[in-house]
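Hi,

Here's the model I promised to pass on.

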Amino acid sequence: MRGQNKKHRTIRKCKSGPNFTGQHLLHNPKTIKQLIETACLQSTDTVLEIGAGKGGLTFPIAEKAGRVIAVEIDADFVGALRAKSKGCPKIKIIQGDIREMRLPVEPFCVVANIPFSITTAIFEKLLGAEGKAFQKGALILEKGAARRFTEGSTLDPRLLMWRMNFQFEMRTVVPRTHFAPPPRVDAAIIQIVRRDHPLVPANDAKRFMAFAAYALSEPRQLAAEALKGIFTPAQLKTALKNARVDRERAVALLSQEQWASLFHTMRQHVAPYRWPKM
Ligand SMILES: C[S@@+](CC[C@H](N)C(=O)[O-])C[C@H]1O[C@@H](n2cnc3c(N)ncnc32)[C@H](O)[C@@H]1O
């Protein structure tokens with residue numbers, strides 16, 4: 001039984017000299033391979049690796065990508081990495097705190113085993129004006145965070161996971177081995193791909209949030225009830241049809257795609273004075 005559990009812990013990390021937080025280095029070659037495959041890298045891609053550590057991921061990434069910009073805060077790790085990557089022109093190592101650095105301006109991907117404690121700071125950076133050139137990525141996140149970002153388990157549209165989902169498709173990649181018996185994993189890989197068309201354009205995000213917050217004020221309400229203060233009966237019929245929402249479905253259960261569709265119908269058909277106030 002013990003052996004079985006061990007077999008399912010493919011993403012457990014091993015701890016090393018803790019100069020900074022989150023220094024859990026990956027040592028499982030299968031997980032490294034899976035993380036890199038998840039990113040679907042091309043030989044022309046520029047990859048930003050956040051928290052390169054001792055280079056466990058840096059070199060395998062360089063085998064697939066055109067260029068790797070490896071950022072690491074820890075001077076000891078940076079020294080070791082610089083020595084190891086001598087004669088490897090694809091790899092550029094930068095010492096510093098990713099939160100204080102400018103992101104690349106040319107299209108780039110992120111492949112990283114990030115320190116969990118700065119997940120929010122990293123996503124805020126990728127979502128902001130500086131992250132405009134960010135295209136796709138594969139990251140290892142804390143399991144609960146990965147679930148929140150990919151399953152939409154929150155009722156608060158102001159939260160980061162909603163804003164991330166407007167711009168990016170996000171899904172958890174569950175290793176094949178993680179099925180019955182139930183896995184005991186500590187982390188999960190997520191794949192992030194920029195949507196060709198954002199669910200909600202960035203300049204409409206505040207208006208969308210006002211709309212969703214209004215409709216979600218009583219999460220157990222049926223969709224038709226929750227939305228009747230905004231739409232006329234005819235508009236409501238169109239909105240529900242476009243979004244493929246059953247009028248008797250609880251609003252708490254709608255997907256972000258459905259929310260986005262309802263919002264677009266409001267934008268198109270409802271007079272602005274009826275829109276929920278921002
Ligand atoms: C989870 S470890 C991953 C290391 C390596 N990529 C691996 O998978 O073996 C995270 C790394 O991020 C570095 N780190 C922590 N905070 C950072 C920050 N603010 N900016 C850049 N790197 C950071 C740590 O020193 C550590 O090496």
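The buried residues of α7 pack against α5 (119-127), α6 (143-151), β8 (168-173), β9 (187-194) and α11. Helix α7 itself covers residues 160-167, and the buried ones there are Met-161, Trp-162, Asn-165 and Gln-167. Keep in mind that this is a predicted model.

α11 (residues 256-269) also packs with α10 (residues 233-242), at an angle of about 145° and with the axes 8 Å apart. The crossing of α10 past α11 is right-handed. On the α10 side you'll find Gln-235, Thr-238, Ala-239 and Asn-242, which meet Ser-261, Leu-262, Thr-265, Met-266 and His-269 of α11. By class, that contact has six polar residues, three nonpolar and no charged.

On to the ligand: there are 23 residues around it, and Leu-25, Gly-51, Gly-53, Gly-56 and Asn-113 come nearest. Strands β2 (24-25) and β4 (67-72) each supply at least two residues of that shell. Its make-up is twelve nonpolar, seven polar and four charged residues.

One more residue to look at is Glu-49, in strand β3 (residues 46-50). Why does Glu-49 count as buried? Because 26 other C-beta atoms lie within 10 Å of Glu-49, and the cut-off for buried is 20 or more. Leaving aside residues up to four places away in sequence, Glu-49 touches Leu-57, Thr-58, Ile-61, Val-68, Ala-70, Val-71, Val-111 and Ala-112. Lys-237, on the other hand, is 47 Å from Glu-49, C-alpha to C-alpha, and 188 residues apart from it in sequence.

Cheers

Conventions
Residues are numbered from 1 along each chain as its sequence is written. This is a predicted model: local features need pLDDT of at least 70, side-chain atom pairs count only at pLDDT 80 or more; totals for chains, interfaces and linings use all residues. A residue is near a molecule or strand if its C-beta atom, placed from the backbone, lies within 6 Å of it. Helices (H or I, at least four residues) and strands (E, at least two) are DSSP runs, numbered from the N terminus. Ala, Val, Leu, Ile, Met, Phe, Trp, Tyr, Cys and Pro count as nonpolar, Asp, Glu, Lys and Arg as charged, and the others, Gly among them, as polar. Axes are lines fitted to C-alpha atoms, for helices over the stretch in contact, and angles run from 0 to 180 degrees between N-to-C directions. A crossing is left-handed if the near helix is turned anticlockwise from the far one by less than a right angle, and right-handed if clockwise. Two residues are in contact if their C-beta atoms, placed from the backbone, lie within 7 Å. A residue is buried if 20 or more other C-beta atoms lie within 10 Å of its own, exposed if 12 or fewer, and partly exposed in between; C-beta atoms are placed from the backbone.
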